[in-house]
Amino acid sequence: MPRRQFQADLQKAVEAVSIAGISDVQKSDDDGEFSFMCLADGQQLKISVMISEVSNYPSSHTCFIYGADNASASVAAALNTITSDATGKTIPQILEIVSQRLESTDSDGDQQMLDSQQFDDFDDDDEDEYFPGDEDMLPKPRLANNSLSSLSGVYSEATAAFRQRIRSDLLTAKSEGFKVGHLGGLMDGISCYVSLSIRISKLGISEEAMQAWQLQPAEYLVALFHYPGGYKSMDELKSFDALQARRNFCVRIGICTNYKPTMQEAITAFTVMSREDEKRREDSQQGETQQVSALPKGFRNSFISRPLNELLEQRFHLLLKYRYGGMPWHGSESFYYDQVLNASPTLQDASHDKYYEPEPVSPAWPKIVTADHITSSSQVHSLPLVGMQFVLRHFVRCTEFCLICFSKMPDDLQAIKPYVCDKPLCLYQYMSLGFGPSIEHEIISQPKVVDLLVSFCYASARNSRLKDFPTGLCLAVPPPVSNEKDYLAIQQQPYAYNTSVQPLNTLLQGHSSQTHIALSMRYNADTREMLFEDSKQPSPVSTGNWIVIRTDDNPNKALHCRVVDASLYPSVRVSEPIVPAVSDVPNGPYAISPANPDQQTKPPTPRAAPTNEFRSASFYVYNQNFDAFSDQEKRQAIAALLDLLPPVQEMKKYLTRKAQSPLGAWVDRLSPAALGVLRWVIASNRACILQVDNEVDAANGRKSEDRLYGMAGWAQFRFAMGAPDKERRFIQAVRDTTNRLQLKYPTMFAWHGSPLQNWHGIIREGLHFNDTLHGRAFGNGVYHAPDCNTSIGYSNMSYSNACWHMSELKIQQALALNEIVNAPKEFVSQTPHLVVAQLDWIQTRYLFVKTRSDSSVLTATSEADTKPLDCVEQDPQRTPRGVTGSLVIPIHAIAASRRPKVKTTTKNKRQKASGKTQYDPIEIDDDDGTASIATLEEDRVIFEVDEDYKEADDSLPTPNSIKEDKGKAKIGSLDSKFFVKPSKPLTDYVPGTLDYSTLPMLQMPTWATTSATKRLMKDFKDVIQTQNKDPPHELGWHIDEDKMDNIYQWIVELHSFDPTLPLAKDMKQKSIKSIVLELRFGKDYPMSPPFVRVIRPRFMGFQQGGGGHVTAGGAMCMQLLTNDGWSAVSSIESVLLQVRMAISSLEPRPARLQQGGLADYGVGEAVEAYIRACAVHSWTVPAGFKEMAYGGSEKARYNPL
């Protein structure tokens, strides 16, 4: 029934549509008509479809597609062409055609891809006519609204005007205070990189923010712009559609010790990696930042690089169009958020005034951070400069925006670390995409801080003070009844010095009423087996499930374990059980006796029963959605999951022992739910907390520099909260008040105490007085005390001293020491407490925690209280008192710009404000000082006006066709004039030792084409330049240019692998110095990928336990080397880098060498293995692959070389 099928297809589209840019499908009153919203030209358009003959649906019907009156001419023209092409298509197919033709993207910036089997008639037969290597025959890029109209392989013509535009754009950026660098053929109109950078010390970021963001003042923030088809100006980018923009302009953000990265680092930055590999690379880079003696070398990702890269790739092009429509940055971002992320037909259009209102910017930021090239200059605009200013907006002010949707965060949120907004989807993406901090890095570098964060969260959950939850992560947890008896909710009585506990069900209101019944079975604790009685019933568990078991003879003991093997059902094997150390009895020297001791009585422990027998038991599966729980059930679940975590030091030992594995690989010890909660606890911390007694820092003297005198017996942490500009606002308040009141001592220090269950919220929200927890008898404000004993009393007002059982610290109390503007007469109250209402007058400096007396965390250093050598001069009348007397505060507790220093007459420093006291705002460095790195000659020369551009010779020489005295090719001799090879390579590989007589060398193919040959010559020149410039141990590959007689066949040696890799160990054991690769190119290159295979040595196959993406025949198993993953602008350097990374990858298994003989792989087995791999993964084999792979000759075709 055609009409019934039409109605069914339309109803499915109305209910849910998953096509990029298409939303809000609506039925029409007229039969055969419907409408939908489509994102085109950066705005939401209503498009209508009318099918004239529904009785012919979906075979021979015709349809008419038309847009709203506000549709542009290009959209109307595109819809007109779609009308004829959509004949006989189903409704989903029609929507896909519209999405593809109008270049529509979803909220993530992704485009709809057509099914090649269903839409073969849309293939562009002219695509093979464009050859990026044949510059003489290339047409200019067309800017029509057609996805195939602009190929990124089309290079720019290097005219004098083109080069002058580059100079103008980069000089403009240089004049604004940025250092400019470039890599590749910038002035030649071919693929290149442009970098704009600025030293971190020039951005006005406080020391606390630098510590939280793991930055060093001497490092550079680098914006690396990649132009695959040659440099593109702002005018060209504005004329591109979204797909053209992505193909021609890419950006990566990073931190570097130099003002620009190396070519190898630039290629790596734009290499597409798996999420696991990218996370592993970031973790290794973060590990390098822990070295105190020297800055980490090279170009690395910053803490916010990945979100910023996503933002620039998905939105920057559209935001630029909005900017040139008259909107400021914040208006453009708001319009994008309203029109794209929250698309709805009822939304306001672009004419609304709110999108054009000027954005209020804090004057505390330096001018270079807030400058706007688009509005400040009416001249031709520099694309790199505008891009860098956009980067600074979101880098320096990162805490003002959500890390996922980049919407503005609440103005009252004061955080020193960026986070996500309260939308569950943002939290899910933040955690699942790995944008949060690496928990592995935090555990290894700051184990006490992780212990502190978990302890705070645990106390907050047990005392019913936890308000925010990890919703949206789809955590699978056991039902609440599985641990209800273990976690008795604590009655909230803030002022009672006796606490009571009640069963959870008496305190829950509105909790889930669903009844969960335990499943029965028999359990053998010795063999760790579960045995089910009825084998005819389906298995209630699957391999990988987590369960909680309770035996009938000891129901108070919960056993949490993972199902290891369910294939032999009704017998199921489980992992070693984890028994949570649960105790509701308050502990510690400050514990308060419960009001009703009978409620704490537990049944006596039963006699130990034999373990090697099956005993009756019951269990619950981790199959409940955490998000569906009530708030109290969520708190109970979080506390239960935290009790299942191992101690932090045990996790640190695991990560140290298994350096290449993430914590999630500990599958039998950590459930996904417990790991998710731990990740959330660490990632949601918005304060900067650094342990003072750091084992790593002990050798560098940091312990004596940071440790405060007067608090013996308390663990100390450096503590900073608030926005990145909070320190600047505090210093400004100190300076203004000092000048106004002529203060001799501008600041004072005082204590702030709060119960343990409040600190989880304090370190996320900052100090404020929005909630009244202990009364406000002396007015509204943040309460402080000069004597720590007063604050200790407040910190002891706990419902119950619930302590995380796995904690090494065993925290009992917590206090903060804050620095305050010394103007007590302007406080709300002076006695008996200092009540400060001005939040900008308060800056946190230290966090002190009291640990249990039996805790091992109190080392000899913390017990032996010693005075610091350099200390802060304090007001004698208002010196705070600690547990052992007056406090002596080290000079390192305050910002470096406020520490006493010798005045200098050099002019390499400037200050933002010209105050007359030492308490001036944060010092800002100029780039012309001694700390700045000198610009290289290769970057200075681009600013010089050169002679007319000289065209390249059109002849097609082979690499060795023009010989010099010593047989060197002209390419090699030319490179040697500019690059100096390293004199002593740091590798055991020796170039030139490979015996080419043992290799299957081919003659120049008869089907060689002009375009392919020219492109290969250019690629060969590029790789030889890189090889002669970079040290061999860093490059990792080598090509013997003297042996290159056939440009269509390259022999490459991979060497200098990470010595910790199993592959490197195998190579060392067999005395193998390199892996020999062969690259064979076809006549369609670069439109078709090369064939890459290993010649020697032989690798273990996947079925034998090997990996490294090497097939059984030696061919590389990579989508990049097929038609589905290949790009015409891919450089051979990037191909070699990605092949090397694939061979070095540990996932799913590390590469290993085959034991036994060293026979080479034959090309025949490599070809067959490549075709098999493509079939398994549904990849497309390039046309003419066998002809290319066998060298093009009949003899080679049947000779397995």
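**Helix pair and cores**

I began with α10 and α14, which are oblique to each other. I am working from a predicted model, so I keep that in mind throughout. The axes of α10 (residues 305–323) and α14 (residues 383–396) come within 12 Å and cross at roughly 125 degrees; angles from 65 to 115 degrees would count as roughly perpendicular and those over 145 as roughly antiparallel, so this pair is oblique. I noted the crossing as right-handed.

Next I listed who meets whom. From α10 come Leu308, Leu311, Leu312, Phe316, Leu319 and Leu320, and facing them in α14 are Leu383, Val386, Gly387, Phe390, Val391, His394 and Phe395. I sorted the residues of this contact into 11 nonpolar, 2 polar and no charged.

Then I turned to the nonpolar cores. The largest has 150 residues, and those with the most contacts inside it include Phe316, Phe395 and Leu203. Helix α17 (residues 447–462) gives the most to this core, with 10 residues. Apart from it I found another core of 46 residues, among them Met1017 and Tyr1161.

Leaving aside neighbours within four places in sequence, Leu203 is in contact with Ile198, Leu221, Trp365, Pro366, Val369, Leu392, Phe395 and Val396.

Last entry: is Leu809 buried or exposed? I found Leu809 in the loop between α26 (788–795) and β22 (811–821). Its relative accessible area is 1%, so Leu809 is buried. Leu809 and Lys448 are 361 residues apart in sequence, yet 7.6 Å apart in space, C-alpha to C-alpha.

How values were computed: Residues numbered from 1 in each chain as written. Predicted model: local features only at pLDDT ≥ 70, side-chain atom pairs only at ≥ 80, totals over all residues. Heavy atoms only, no water. Axes fitted to C-alpha atoms, helices over the stretch in contact; angles between N-to-C directions. Helix = DSSP H or I, 4+ residues; strand = E, 2+ residues; numbered from the N terminus. Parallel < 35°, antiparallel > 145°, perpendicular 65-115°, else oblique. Left-handed = near helix turned anticlockwise from the far one by under 90°. Contact = heavy atoms within 4.5 Å. Nonpolar A, V, L, I, M, F, W, Y, C, P; charged D, E, K, R; others polar. Core = buried A, V, L, I, M, F, W, Y, C linked by side-chain atoms within 4.5 Å. Buried < 20%, exposed > 50% of the residue type's maximum accessible area, 1.4 Å probe, protein only.
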